[in-house]
Amino acid sequence: MHLWFCERHTPRVEFSIRVDRQLYSGQSEFQRIDVFDSKEFGRFLTLDGFMMLTEKDEFIYHEMIVHVPMAVRPEIKSALVIGAGDGGVVRELVRYHSIERIDLVEIDALVVEVCRQYLPTTACRLEDERVNIFYEDGLKYIRRFENEYDLIVVDSTDPFGPGEGLFTKEFYGNCSKALKENGIMVNQHESPFYTEDAQAMQRAHKRIIESFPISKVYQAHIPTYPSGHWLFGFASKNLHPIHDLDTVRWNALGMKLNYYNTQLHVGSFALPTYVEELLRDVE
């Protein structure tokens with residue numbers, strides 16, 4: 001008998017991974033948390049049955065959500081991370097010695113506890129002295145700040161359940177208010193491929209462009225996410241993700257990454273025609 005993890009991507013499409021064993025299963029105040037081990041993708045985390053990350057391909061997501069904004073503004077000193085209890089975003093941010101403060105806001109303390117125990121490859125830098133962890137709702141947290149952060153990374157779950165409030169016009173407006181004049185917000189922007197996901201992506205994009213003068217979308221290939229085609233959002237008051245890319249300064253840092261590079265940075269903003277049309281429909 002074989003054990004398989006199956007995630008429904010549409011009513012007619014499922015994604016499956018053969019599982020060697022289940023390492024953890026628990027129910028927090030907010031969601032069900034599971035950790036599995038597999039030969040193909042290593043350990044992987046699911047929340048309410050939805051894939052969050054795998055050891056094999058998480059580097060793609062975390063490098064693209066962090067290093068794209070950091071290459072535009074390598075001198076960033078203060079960063080707010082909303083969600084991301086697995087620690088992957090923090091791991092990438094602490095590579096930058098210029099960053100003095102990283103505030104991580106995660107609604108579910110059990111996610112952090114489980115990832116520390118079972119996913120140390122992502123949660124390995126949560127103890128860095130620059131990291132402050134706040135266990136509360138990111139929607140409520142962000143309301144308190146104005147002109148506070150250089151970077152906001154919104155590493156939310158999908159737009160339902162605990163992550164639903166992180167896709168609202170109010171939330172994006174408060175992020176804009178909490179950013180400094182040269183601040184940047186990046187967010188996971190869902191997939192454009194399947195109809196339901198594409199509609200969620202369009203709703204998020206429409207709300208972001210109402211709060212930020214500059215709002216661009218970029219992409220990456222992440223095998224274990226629905227369709228494998230995933231989008232990210234780059235939003236700012238006055239910084240453009242390509243025109244203001246500081247290639248020389250970022251490359252001088254000498255970072256050894258597995259996915260991101262500055263050539264890919266530029267190319268990732270060149271979107272397929274059908275994605276451009278989906279975005280234009282709501283702009």
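Me: Is Phe-5 buried or exposed, and at what relative accessibility?
Reply: This is a predicted model, in which local features need pLDDT of at least 70, side-chain atom pairs count only at pLDDT 80 or more, and totals for chains, interfaces and linings use all residues. Residues are numbered from 1 along each chain as its sequence is written, and side-chain values use heavy atoms, without hydrogens and water. Buried means under 20% relative accessible area, exposed over 50%, and partly exposed in between, with a 1.4 Å probe and protein chains only. Phe-5 therefore counts as buried, at 7%.

Me: How many aromatic pairs does a search of the whole structure find, and which kind do Phe-5 and Phe-36 form?
Reply: Rings of Phe, Tyr and Trp (its six-membered ring) pair if their centres lie within 6.5 Å; planes under 30 degrees apart count as stacked, over 60 as edge-to-face and the rest as tilted. The search finds 15 aromatic pairs. Phe-5 and Phe-36 are 5.7 Å apart centre to centre, with 40° between the planes, and this pair is tilted.

Me: How many residues apart in sequence are the parts that this pair ties together?
Reply: Helices (H or I, at least four residues) and strands (E, at least two) are DSSP runs, numbered from the N terminus. Phe-5 lies in strand β1 (residues 3-10) and Phe-36 in strand β4 (residues 32-38), so the parts joined are apart in sequence by 31 residues.

Me: What is the relative accessible area of Phe-36?
Reply: Phe-36 is buried. Its relative accessible area is 9%.

Me: Why is the pair of Tyr-141 and Phe-145 tilted?
Reply: Both Tyr-141 and Phe-145 are buried. Their ring centres are 4.9 Å apart. The pair is tilted because the planes stand at 40°.

Me: Which residue in β8 stands opposite Leu-80?
Reply: Two strands pair if DSSP finds at least two bridges between them. Strand β7 (residues 78-83) runs parallel to β8, joined by 5 bridges. Opposite Leu-80 stands Asp-103.

Me: Which residue in β9 is the bridge partner of Ile-102?
Reply: Strand β8 (residues 101-105) has 4 of its 5 residues buried. β8 pairs with strand β9 (residues 131-134) in the parallel sense over 4 bridges. The partner of Ile-102 is Val-131.

Me: Which residue lies over the face of Phe-41?
Reply: A charge sits over a ring if NZ of Lys or CZ of Arg is within 6 Å of the ring centre and within 35 degrees of the ring normal. At 5.7 Å from the ring centre of Phe-41 is Lys-56.
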